[in-house]
Amino acid sequence: MLSLQAIRHRYDDRTAARVEVLDLAAGEPALLLGPSGSGKTTLLHIAAGLLRPSEGLVRIGGQSLTALDDIALDRFRGRHVGIVFQRLHLIGSLTVLQNLLAAQYGAGLPVDIGHGRATLAALGIEAQADVLPARLSQGQAQRAAVARATVNRPQLIVADEPTASLDDRNADAVLNLLQAHARACEAALLIATHDARAKACIKRQITLEASA
Ligand code: ADP
Ligand code: ADP
């Protein structure tokens, strides 16, 4: 479902991320580990099609991202990739439900309020559908970000430190929800984290080395 080959990324002239081969099957969750600065966020953004690598090949569900121009890549990402950003990036002027509808609209999918509400219900935040993100607790906001990342039933979900600010109960819930979604929708799931709680529950682990 996700295939990375011979990836190098440089900002300026320093190599910031490097991976030879990374293949994730449909429904397969994996963790991206490594010290701070080893390139986890960079690699997640490359896998998600947010950032074009300096070198190497990225395929999602058989589609080569290199072959897409910027407009086609934006459209492909909206439709097939769900991203949980480290700082969430929920749109503050829209309600939680409207954030999901904006993701549908942005991907060129029909705006489906019923499916949006059902996605929130599956994450236990249906009562927060009509509130603004600033009113949410940290756990609720993290779930809202997961809801937005999964509402379009993407083939690939990437999540950057999705449990960093959560207590044990919310961290467990978010990890379980991400994995349940990956199983149900046969999506690949790549999570960058330092969190030992995630290391205990997801077997496949890819460790990046600190760059020289
Ligand atoms: P991690 O997520 O493992 O902490 P990052 O991918 O954020 O690693 O960063 C990898 C390296 O790339 C670091 O040395 C970081 O300083 C550098 N880096 C990250 N983003 C940029 C950027 N936009 N411009 C220049 N250097 C960057
Ligand atoms: P951090 O909290 O480490 O800065 P996030 O995971 O919150 O990282 O992501 C922020 C980064 O993602 C920014 O560097 C920005 O360039 C990129 N980014 C965020 N949203 C988008 C987007 N919609 N399209 C392209 N790049 C984005």
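**Ground rules.** I am working with a predicted model, in which local features need pLDDT of at least 70 and side-chain atom pairs count only at pLDDT 80 or more, while totals for chains, interfaces and linings use all residues. Residues are numbered from 1 along each chain as its sequence is written, chains are lettered from A and ligands numbered from 1 in the order in which they are written, and side-chain values use heavy atoms, with hydrogens and water left out.

**Overall fold.** I found seven helices and nine strands in the protein; these are DSSP runs numbered from the N terminus, helices being H or I of at least four residues and strands E of at least two. The protein is as compact as a globular protein of its length, because its radius of gyration is 16 Å, close to the 17 Å that the globule rule gives for 212 residues. For the record, that radius is taken over C-alpha atoms, and the rule is 2.2 Å times the number of residues to the power 0.38. I boxed the C-alpha atoms along the principal axes and got roughly 45 × 40 × 30 Å.

Next I checked burial: 48% of the 212 residues are buried (under 20% relative accessible area, with exposed over 50% and partly exposed in between; 1.4 Å probe, protein chains only). Of the contacts between residues at least 6 apart in sequence, 69% join residues at least 24 apart, a contact being heavy atoms within 4.5 Å.

**Ligand 2.** Which residues surround ligand 2? I listed His-45, Leu-50, Phe-85, Gln-86, Arg-87, His-89 and Asp-160, where near means a heavy atom within 4 Å.

I then looked at its oxygen atoms. A polar side-chain atom of Arg-87 is 2.4 Å from an oxygen of ligand 2, and one of His-89 is 2.9 Å from an oxygen of the ligand. Gln-86 takes part through its backbone, with a polar atom 2.9 Å from a ligand oxygen. The protein covers 54% of the 560 Å² of accessible area that ligand 2 has on its own (Shrake-Rupley method, 1.4 Å probe).

**Asp-74.** I picked this residue in helix 2, residues 70-80. Asp-74 is partly exposed, at 44% relative accessible area. Its side chain joins that of Arg-77 in a polar contact of 2.9 Å (N or O atoms within 3.5 Å; within protein, one able to donate a hydrogen and the other to accept it, and sequence neighbours counting only if both atoms are side-chain atoms).
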